Structure formats: C-alpha cells, structure tokens
Amino acid sequence: MPRKTAARTARLASIPLGVAGRAVGGWGKRLAGQSAEAVSAELSARTAEQLFAVLGQLKGGAMKFGQALSVFEAAVPDELAEPYREALTKLQAAAPPMSAQTTHRVLAQQLGRGWATRFSEFSDTPAAAASIGQVHRAVWHDGRVVAVKVQYPGADEALLSDLRQLQRFSRLFQPFAPGMEIKPLLQELTDRMVEELDYRAEAENQRAFAKAFAGDPEVLVPRVVASAPKVTITEWVDGRPLASIIRDGTREERDTAGRLLSEFHFSSPARAGLLHSDPHPGNFMLTADGRLCVIDFGAVARLPEGLPRPLGAMTRLSLQGRSAELMELMRDEGFIREGMRLDPDHVLAYLAPFAEPASVETFHFTRAWMQRQAERVGDLRGQDFKTGRSLNLPPQYLLVQRVTAGATGILCQLDAQFSMRAIISRWQPGFADED
C-alpha cells in the first residue's frame with residue numbers, strides 16, 4: 001500500500017487525467033473514421049480498467065469508496081454501465097494482496113513472536129482482500145477453521161489522504177451514484193472508516209451481532225475467536241458470495257438472498273441495537289443450508305432505540321397520500337429547513353415512488369426500477385429534482401439512509417422478488433401504526 005500522500009495523490013489524479021487523455025484520443029479516432037459507438041465503448045472499457053487498477057492498488061479510502069459506488073451501478077443506464085459494472089464489482093471482493101513477509105510481520109506485532117504456535121495451519125495465500133485488510137484461512141490450535149483478517153500497514157495513514165483527494169474529483173464519480181450526492185457520501189465514509197481502523201472495536205460489534213442472532217435459522221454471524229488492534233480472528237464460514245449470485249444465481253437464490261438481506265438490515269436495530277453499515281455484496285453470502293452469512297462489522301450505526309419511528313410514519317403517510325401530514329412530520333424531523341416553502345403535493349410526489357416496495361404484497365426489485373428513480377430525481381428540468389434539492393437530510397438519519405440506499409442497490413442487482421411490505425410491517429416502527 002503506497003503510504004506517502006504525494007504518491008497516493010498522483011495515482012488518484014491519474015484517473016481524471018486518464019479520462020481526459022482518452023477523450024482526446026477518441027476524437028482522433030473518430031476523425032480517422034471509427035464510429036462514435038465503437039470509440040465510446042473502447043473509452044468506457046479502458047476507463048473502467050484504470051478505475052479498478054488505481055482504486056484496488058491503493059486500497060484504503062480509495063478502494064472503500066469504489067466499493068461504496070459499486071452498489072449503485074444498478075441505477076446507471078445499461079448502455080453506459082456495462083464496462084464499469086465488472087470493474088467496480090471486482091472491488092467488492094478482491095484487491096492486489098500484500099506479501100507473506102509483510103503479513104507475518106503484522107501478525108508478530110499484534111499477536112506476539114510466537115503467533116504461529118496459535119495456529120495448527122496458516123495459509124499465506126489470502127482468501128480475500130478488501131479496503132484496509134486481507135483475510136487468510138487458518139486452523140486454530142483447537143482445530144477450529146478460522147478467518148484471520150490482517151490490516152494493511154499504513155492503512156491508517158492512507159485513509160484521510162485518500163478521502164481528501166477524492167473530494168477534489170467527486171464530480172468525476174457522480175455518474176456511478178445517480179440521485180445521490182457524492183461529497184456527503186465521502187464525508188460519511190471518512191467518519192466511519194476512522195472507526196474501522198481499530199479491529200478490537202469491530203470484534204466487539206461482531207460479538208454483539210453474533211449474540212443477537214445466535215441460533216437464528218436464517219442469519220449466521222461468525223463468532224469472534226480472538227482480536228487485536230490490527231488483527232481479528234473469527235470462525236470460518238463457507239458460502240456463495242452475493243456477487244456470484246448477482247452474476248448467475250438462480251431465481252430461488254436471488255429471491256432468498258434479497259429477502260434475508262432485508263430481514264437482517266431491518267431487524268438488527270431491534271435485536272442488537274446496531275445497524276450493519278457497510279452494504280456491499282462482498283460482506284454477505286448464502287450458506288449451503290440457506291442462511292445469510294454476514295461479515296465485516298467495522299462500520300455500524302448505534303441505534304439503541306431501534307430504527308427511527310418517524311421513517312416508518314413517513315413511508316406510511318406517503319403510501320396513504322396524506323401530503324399535508326407528511327410534510328408536517330418532515331418539517332418536525334428536520335427534513336425541511338426552517339422557513340423553506342414547499343408544496344406538500346410536490347413533496348409527496350417526490351417520496352411516494354421510493355415507498356413502492358412497501359405498497360404491494362410482493363415487489364420485484366429491478367435495475368429498470370432503480371434507473372427510473374435515478375432518472376426521475378436527477379432530471380434537471382423536472383419538479384422532483386427541484387423538490388429533492390430543497391429537502392434536507394438530518395445528520396442523525398444520514399447513515400440509515402445510506403444503508404437503505406446501498407441495500408436497495410444490492411436488491412436491484414439481485415433482481416430479487418419478495419414481500420418487503422411484510423418485513424417493514426414487522427420491524428420498522430411507525431409503519432403499521434393505526435391513527
């Protein structure tokens with residue numbers, strides 16, 4: 001992992017510079033007689049490859065940002081998204097690994113010189129690599145198969161450097177997340193990633209989730225075996241990653257994965273007082289017995305009172321068409337700034353389509369549906385764009401809303417069909433209230 005700010009900045013700067021250079025080259029090819037479609041496809045493919053190479057090699061905040069973007073690819077029109085889809089999806093589960101020598105050095109620093117005696121087997125080849133650490137398969141001294149997550153040296157130095165630089169290029173990445181502001185996403189990622197650097201805190205989060213879901217027939221959270229500031233050891237679980245199901249899963253796998261993912265997200269605040277806040281397919285898999293296995297608990301939202309009741313009430317009022325009461329509630333909760341004048345019907349028209357999954361007994365999450373929402377709120381000439389720009393997202397709701405948006409992106413990638421209404425009715429306070 002490049003650690004010096006200058007080196008990381010230069011690599012990040014190569015993305016917009018590369019785009020500009022390829023655009024100039026593209027004009028040259030068009031002048032030479034190549035079709036606009038062929039040139040555009042080539043430019044998109046090469047830009048996607050560079051995006052993966054730079055963000056993946058840098059890891060840290062750059063790669064984390066790429067993972068966050070990847071869940072929004074379902075909102076990008078198919079004719080533009082295809083070259084980027086594969087490149088961004090790679091960031092959900094893979095990155096260039098660090099050497100065995102470096103891995104051993106970190107393990108010695110964190111677990112002591114005799115770290116190897118704590119394992120009966122240890123694979124130097126990483127099973128997975130992510131933004132700030134990579135995972136190795138091993139066998140604990142008592143015979144349990146375990147996952148050993150080792151943090152990259154220099155990850156802490158790289159985080160803030162990356163995110164500061166990415167702020168400068170935020171407009172370049174806007175097409176990957178239609179309808180969502182990139183700069184607030186980057187700021188929220190900054191806040192969460194500082195927390196993720198301490199693996200002991202992550203281990204405590206995972207212990208809380210494992211306790212809350214112990215014995216659950218549908219959700220599996222691996223138990224923590226041991227932890228240190230930059231190393232965590234948990235039970236190993238085999239399963240099919242959601243990225244694989246998105247690519248070529250059966251109808252049953254897609255629907256099951258979508259339903260279980262939604263059940264997990266909506267039920268966690270009530271059961272654990274926490275919300276898993278890193279929604280990308282690399283953190284979820286389906287086990288052979290049909291359970292959803294959840295990993296990576298570095299980023300969580302603390303919701304000791306469960307999901308906020310006003311969110312459920314807003315969804316219910318939207319579905320009931322009660323625009324005046326909806327706007328009054330939104331103003332009380334800070335979604336409409338003091339003194340801002342808005343038409344209640346415009347606010348209802350903006351929000352109601354987002355509530356569609358809760359309006360029917362079975363809803364089909366598709367890329368086409370998400371693209372329609374993105375186009376609707378992103379149309380500069382439309383009323384929904386004007387209304388959306390006039391609304392406010394209170395800080396206490398920011399993380400919940402980002403998780404909801406990210407999880408919805410995964411559901412649309414899965415093309416999942418199930419009863420979201422039943423899940424919301426059971427777990428979202430305020431939705432099933434009777435007036």
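What follows is a chat about this predicted model.

Trainee: Start simple. How many helices and strands are in the protein?
Mentor: There are 18 helices and 14 strands.

Trainee: And what share of the residues counts as buried?
Mentor: Of the 435 residues, 53% count as buried.

Trainee: What about contacts between residues at least 6 apart in sequence, how many of those join residues at least 24 apart?
Mentor: The share is 71%.

Trainee: Let's do sheets. In what order do the strands of the open four-stranded sheet come?
Mentor: The order is S5-S11-S10-S8, and the pairing is mixed. Strand S5 (219-220) and strand S8 (240-241) are the edge strands, each pairing on one side only.

Trainee: Which helix packs on that sheet?
Mentor: Helix H11, residues 251-272, which touches S5, S8, S10 and S11. The direction of H11 makes about 130 degrees with that of S10.

Trainee: Back to S10 and S11. In which sense do they pair, parallel or antiparallel?
Mentor: Antiparallel, over three bridges, with S10 covering residues 284-286 and S11 covering residues 292-294. One of the pairs is phenylalanine 284 with valine 294 as its bridge partner in S11.

Trainee: New topic: strand S7. Which strands does S7 pair with?
Mentor: Strand S4 (residues 145-151) is joined to S7 by five bridges, and the two run antiparallel. Strand S6 (residues 224-228) also pairs with S7 in the antiparallel sense, over four bridges.

Trainee: What joins S6 to S7?
Mentor: A hairpin, through two residues.

Trainee: Which residues stand opposite valine 231 in those pairings?
Mentor: Valine 150 stands opposite valine 231. Alanine 228 also has valine 231 as its bridge partner in S7.

Trainee: Is S7 enclosed or open to the outside?
Mentor: Five of the five residues of S7 are buried, so the strand is largely enclosed by the rest of the structure.

Trainee: What is glutamate 235 in contact with, leaving aside its neighbours within four places in sequence?
Mentor: Val145, Val146, Ala147, Pro222, Arg223 and Val225. As for a distance, the C-alpha atoms of glutamate 235 and alanine 138 are separated by 9.7 Å, while the two residues are 97 apart along the chain.

Trainee: On to the nonpolar cores. Which residues of the largest one touch the most other members?
Mentor: Leu242, Phe264, Leu292 and Met330, in a core of 61 residues. Helix H17 (residues 395-414) gives the largest share of this core, eight residues.

Trainee: What does methionine 330 touch, not counting residues up to four places away in sequence?
Mentor: Met314, Phe335, Ile336, Val347, Leu351 and Leu391. Apart from that core lies another, of 23 residues, among them Phe122, Val146, Leu197 and Ala228.

Trainee: Now helix packing. How do H11 and H18 lie relative to each other?
Mentor: Their axes come within 10 Å and cross at roughly 5 degrees, H18 being residues 420-427. H11 and H18 are therefore roughly parallel to each other.

Trainee: Which residues of H11 and H18 meet?
Mentor: From H11, Arg259, Ser262, Glu263, Phe266, Ser267, Ala270 and Arg271; from H18, Met420, Ile423, Ile424, Arg426 and Trp427. By class this contact has six nonpolar, two polar and four charged residues.

Trainee: And H9 with H11, at what angle do they pack?
Mentor: About 95 degrees, with the axes 10 Å apart; H9 is residues 199-212. That makes H9 roughly perpendicular to H11. Ala208, Phe209 and Ala212 of H9 make the contact with Phe264, Ser268, Arg271 and Ala272 of H11. Five of the contact residues are nonpolar, one is polar and one is charged.

Trainee: Last pair: at what angle do H14 and H16 pack?
Mentor: About 100 degrees, with axes 9 Å apart, for H14 (residues 344-351) and H16 (residues 383-390). H14 is thus roughly perpendicular to H16. The contact is made by His346, Val347, Ala349 and Tyr350 of H14 and by Gln383, Asp384, Thr387 and Gly388 of H16. These divide into three nonpolar, four polar and one charged.

Notes:
Residues numbered from 1 in each chain as written. Predicted model: local features only at pLDDT ≥ 70, side-chain atom pairs only at ≥ 80, totals over all residues. Heavy atoms only, no water. Pairing = 2+ DSSP bridges. Contact = heavy atoms within 4.5 Å. Axes fitted to C-alpha atoms, helices over the stretch in contact; angles between N-to-C directions. Core = buried A, V, L, I, M, F, W, Y, C linked by side-chain atoms within 4.5 Å. Buried < 20%, exposed > 50% of the residue type's maximum accessible area, 1.4 Å probe, protein only. Parallel < 35°, antiparallel > 145°, perpendicular 65-115°, else oblique. Nonpolar A, V, L, I, M, F, W, Y, C, P; charged D, E, K, R; others polar.
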